Amino acid sequence: MEHTLAYSGKPRRNDPEALRMRLHRCLLLMFAAVVSGVLGGCHRVPAEEAVRHAVTAAEHAAEAVDAGAFRDRLSEDFTGNRGQFDRRQLVDLLRLARLRGETIHVLMGPVSVEPHGDRFVATFTVTLTSGGRLLPSDMGVYRVESAWRQEGGDWVCYSATWSQPSP
């Protein structure tokens with residue numbers, strides 16, 4: 001038997017059935033790509049939830065007295081309590097607490113997150129206690145309002161105010 005295109009089992013280029021099959025495969029691949037892109041987009045964490053995760057990460061970093069992890073949650077231009085603190089001062093406070101072997105306990109209330117354009121404001125209450133002497137006068141219940149923005153894929157706090165509620 002002679003090996004020719006007719007007997008090789010390979011479709012001819014101008015064969016209408018072969019063209020239809022290639023078109024069908026092409027469309028199927030395009031459909032699969034679109035569906036995987038859509039489903040992949042569904043797995044993205046909504047911004048509000050990502051901000052909640054960032055707040056929780058900052059809480060865990062403070063409780064672990066981990067200055068580096070806490071710093072990662074603050075923007076370079078962070079300002080606290082309307083200019084009383086900057087990023088460096090808060091991080092240095094945690095470093096000093098770590099050096100002195102201090103412990104910090106953080107108990108957070110519910111976090112309310114509201115969008116403001118492409119930024120978010122997270123509001124919550126936090127109770128801070130310490131097992132050391134560095135921070136005893138600063139411990140207690142605070143009402144916190146923090147502003148968050150996205151930088152390089154991460155949500156960072158660029159401003160926060162905190163105050164103790166009146167008795």
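Mentor: Gladly; we will take the labels one by one and set each against its definition.

Mentor: This is a predicted model, in which local features need pLDDT of at least 70, side-chain atom pairs count only at pLDDT 80 or more, and totals for chains, interfaces and linings use all residues. Residues are numbered from 1 along each chain as its sequence is written, and side-chain values use heavy atoms, with hydrogens and water left out.

Trainee: What is the average pLDDT of the protein?

Mentor: The average is 80, and 68% of the residues score at least 70; pLDDT is the predictor's confidence in each residue, from 0 to 100. Over residues 23-42 the pLDDT is below 50, and that stretch has zero contacts in the model beyond near neighbours in sequence. Contact means heavy atoms within 4.5 Å.

Trainee: How do you know that the span of helix H3 agrees with its number of residues?

Mentor: Helices are DSSP runs (H or I, at least four residues), strands are runs of E (at least two), and both are numbered from the N terminus. The expected span is 1.5 Å times one less than the number of residues. H3, residues 47-63, has 17 residues and should therefore span 24 Å; its end C-alpha atoms are 24 Å apart, so the two agree.

Trainee: Why is Arg87 called buried?

Mentor: Buried means under 20% relative accessible area (exposed is over 50%, partly exposed in between; 1.4 Å probe, protein chains only). Arg87 has 13%, so it is buried. Arg87 is found in helix H5.

Trainee: What makes the link between the side chains of Arg87 and Glu76 a polar contact?

Mentor: The definition asks for a pair of N or O atoms within 3.5 Å; within protein, one must be able to donate a hydrogen and the other to accept it, and residues adjacent in sequence count only if both atoms are side-chain atoms. The polar contact between Arg87 and Glu76 is 2.6 Å.

Trainee: Which residues touch the most other members of the largest nonpolar core?

Mentor: Among its 30 residues, they are Val51, Val55, Phe70, Val126, Trp148 and Trp155. Such a core is a set of buried Ala, Val, Leu, Ile, Met, Phe, Trp, Tyr and Cys residues joined through side-chain atoms within 4.5 Å. H3 gives the most to this core, with seven residues.

Trainee: How do you know that E5 and E6 pair?

Mentor: Strands pair if DSSP finds at least two bridges between them. E5 and E6 have nine, in the antiparallel sense, and Val126 stands opposite Tyr142 in E6.
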